[in-house]
Every structure is written in structure tokens, then in C-alpha cells.
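Hi,

Here is the model I said I would pass on.

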Amino acid sequence: MTRQTGRTRRPRPPRTFLPVLVILALAGAGTACTSTDDRPRVVVTTNILGDITQEIVGDGAEVTVLMKPNADPHSFGLSAVQAAELERADLVVFNGLGLEENVLRHVEAAREAGVATFEAGKAADPLTFQAHDEGGPEDEAGQPDPHFWTDPDRVRKAAGLIADQVVEHVDGIDEKDVRANADRYDGQLAGLTTWMEKSFDRVPEQRRALVTNHHVFGYLAERFGFRVVGAVIPSGTTLASPSSSDLRSLTQAMRKAGVHTVFADSSQPKRLAEVLRTELGGHVRVVELYSESLTEKGKGAGTYLQMMRANTTAMTDGLTGA
């Protein structure tokens, strides 16, 4: 039985303003690309948030995820059909804080068209990037860090708020089911935090230093007692590139900290991390992580929970020499 709200369902905004290109794209897409599902629609930008949202929504609404597996959230774009999906949604869930750099304008267009939107990163008590000498990107110091999902406790907060947004804005969905789903998932996230704490207890204090492809693990470092020595790409976005002086500074910092492990995202080329291996005389181990995207199902990180467990194991083994 669906929740009785006493409201009539919010009519979808008129679509007469859509560009002709979008209309033609939808018309040409046929049944293969156009859903005939009459359920309410939730559209999510990133696949990490898509998995979290699906856990909460369950079968009560159609959840469309715009970002494909193994994609880069900083650089992926939308087709005309996907842009139209945003403007047809009952609710749009997005990371924000500048993460989806090529998609945020479409989210804003949907908001202006009357679609309810929820910026999960902004609601999850965001950190700011720290100055370069503290292991953060110098030119982004003071800017919000969008990578909140590396702290499962912040994901717990975001998940609860997503449930609230679904109940408020997605008419026709069963509130009781949504709350039950959210409670169940909250328990799984709490269990994840406990498991990560026990796993990281294996890493000695002197080895709790992280070097990554770019600055993505600030939240994990704060939550679990690590320090970020630096990143190959000295930025919070993969769209930047390092200079020779950046690499020189990083290798010096790594020598000083005694760091011999670099964590590189599995969905991005590891060339720059390999450069560090060459610079430091071949004594650097490069370990793959799933830092910004889920994989396809069954490929190592098909869900958020799987991603965090895989990363925790890889980080613990990489830092202990296991």
C-alpha cells in the first residue's frame, strides 16, 4: 500500500523548452532507450550514489544512473537522452561540490525546470582541501572536497537524508518500505565502519601515510587516522596534470616519510604513478584501488560496500607489506 500524502502527484514540468536535438534524440531512441516503466523516477549522477540510492528506493521507483561503470566522475558527460532523463525525474540525486564537472549544468537546468534535486556532498559535512604542506592541493586549499564517500560514516548520514528526500518528493512510493530499506542499509554501513577499523588496526602508526593518483582519500584519512603525504596529480580533480616540479616535490616528501606504496585508481592510467617508481629507483609499489567509480557487477567493486571492502584490504596489505 502506498503512502497517502493528501497531495496530488506533482505534475512533471512541461517539456516544450527542450532543445529540438533532445526531442529528436528521444524520438529516434525507440523502445531500446526509452523506459515504459510507469513508476516514479529517481535520477542519480554518479554510480556510487546510484548504488546507495537504489538500496534505499528498492523497487518503489525507477532509479536511473547516468555515470557508467569504471568512468571518471570529473570528466563523464551526458547524451541528449540522458539530459532529458534529468528533466523528467521526480528527484535528482547528485554528489555536487564540483565533482561532476561536465554534468552540473544539466542538474541546474533540471532544478530550474522544477525538478527536486539533492546535493549529497554538501549535506555530508564536507571537509575542505588542506594546504600543500599538509598533503593537499595548494591551489584548491579551502575549497570543499567532494570525495565524502571514502568515509562510511558520512555515507550513513547522506543515505538517511536521501531517504528523507525520496519520501518528500517521490509521490506514490511507500514510505514504510523506504524507511525499512534505509534502516537495513544503515546497519550494513555501520558494520562496514567497524570492519574497516579492525582492518586498519593492522597498519602501524609509522606506516599510515598515503600517496594516491590525486587527492581523493582525505575523508578516509581523517576518519581512520591516516595522513596524506601527497598525490601524483596535485589536485582534487583528475583533469589537472602535474609539472616536473610537482613530481620532484612529491618524491622528496615520499623519501622523507619513508613511503614506498602509491595507490592508483583502477579506472585511470597508472603512467604517472609508474613515473614515481622510476624516480625512486624502482622501490615503489603501485596498488590499484577503486576510488571514484564502481565496476560492473562481479568485477571487483560492483557495489559501494564491495568497493570499500576491496579498498580497505588493498590499502592494509599495501601498507603492511602483506
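**Salt bridges across the chain**

Let's start at D153, which counts as partly exposed at 28% relative accessibility. Before going further, do bear in mind that this is a predicted model.

What does D153 pair with? Its salt-bridge partner is R223, and the closest N and O atoms of the two are 2.7 Å apart. R223 sits in helix α8 (residues 218-224) and D153 in helix α6 (residues 152-169), so this contact ties together parts that are 70 residues apart in sequence. R223 is partly exposed as well, with 25% relative accessibility. The cut-offs matter here: partly exposed covers the range between buried, under 20%, and exposed, over 50%.

Altogether there are 13 salt bridges in the structure.

- E55 and R184 form a salt bridge in which the closest N and O atoms are 3.3 Å apart. E55 belongs to helix α2 (residues 47-57) and R184 to helix α7 (residues 175-200), so the pair links parts that lie 129 residues apart in sequence. E55 is partly exposed, at a relative accessible area of 24%, and R184 is partly exposed too, at 37%.
- D317 and R202 form another one, with the closest N and O atoms 3.5 Å apart. Here D317 is in helix α11 (residues 304-320), while R202 is in the loop between α7 and β5 (209-214), so parts 115 residues apart in sequence are tied together. Their relative accessible areas are 24% for D317 and 47% for R202; D317 is partly exposed, and R202 is partly exposed.

There is also a linked set: D125, D151, R154 and E222 make up a network of salt bridges.

**Back to α7**

Helix α7 also holds A182. Is A182 buried or exposed? With a relative accessible area of 14%, A182 is buried, since anything under 20% counts that way. The C-alpha atoms of A182 and G58 are separated by 9.7 Å, and the two residues are 124 apart along the chain.

**A parallel strand pair**

Now for some strands. β3 (residues 91-94) and β4 (residues 116-119) pair in the parallel sense, over four bridges. To get from β3 to β4 the chain passes through helix α4 (residues 104-112), and this β-α-β crossover is right-handed.

**Two backbone angles to check**

Most residues other than glycine have a negative phi.

You'll find N70 in the loop between β2 (62-65) and α3 (80-87), partly exposed with a relative accessible area of 38%.

D125 is in the loop between α5 (120-123) and α6, and it is partly exposed, with a relative accessible area of 47%.

That's what I have for now.

Cheers

Definitions and conventions:
Residues numbered from 1 in each chain as written. Predicted model: local features only at pLDDT ≥ 70, side-chain atom pairs only at ≥ 80, totals over all residues. Heavy atoms only, no water. Pairing = 2+ DSSP bridges. Helix = DSSP H or I, 4+ residues; strand = E, 2+ residues; numbered from the N terminus. Right-handed = clockwise from strand over helix to strand, strands pointing away. Salt bridge = Lys/Arg side-chain N within 4 Å of Asp/Glu carboxyl O. Buried < 20%, exposed > 50% of the residue type's maximum accessible area, 1.4 Å probe, protein only.
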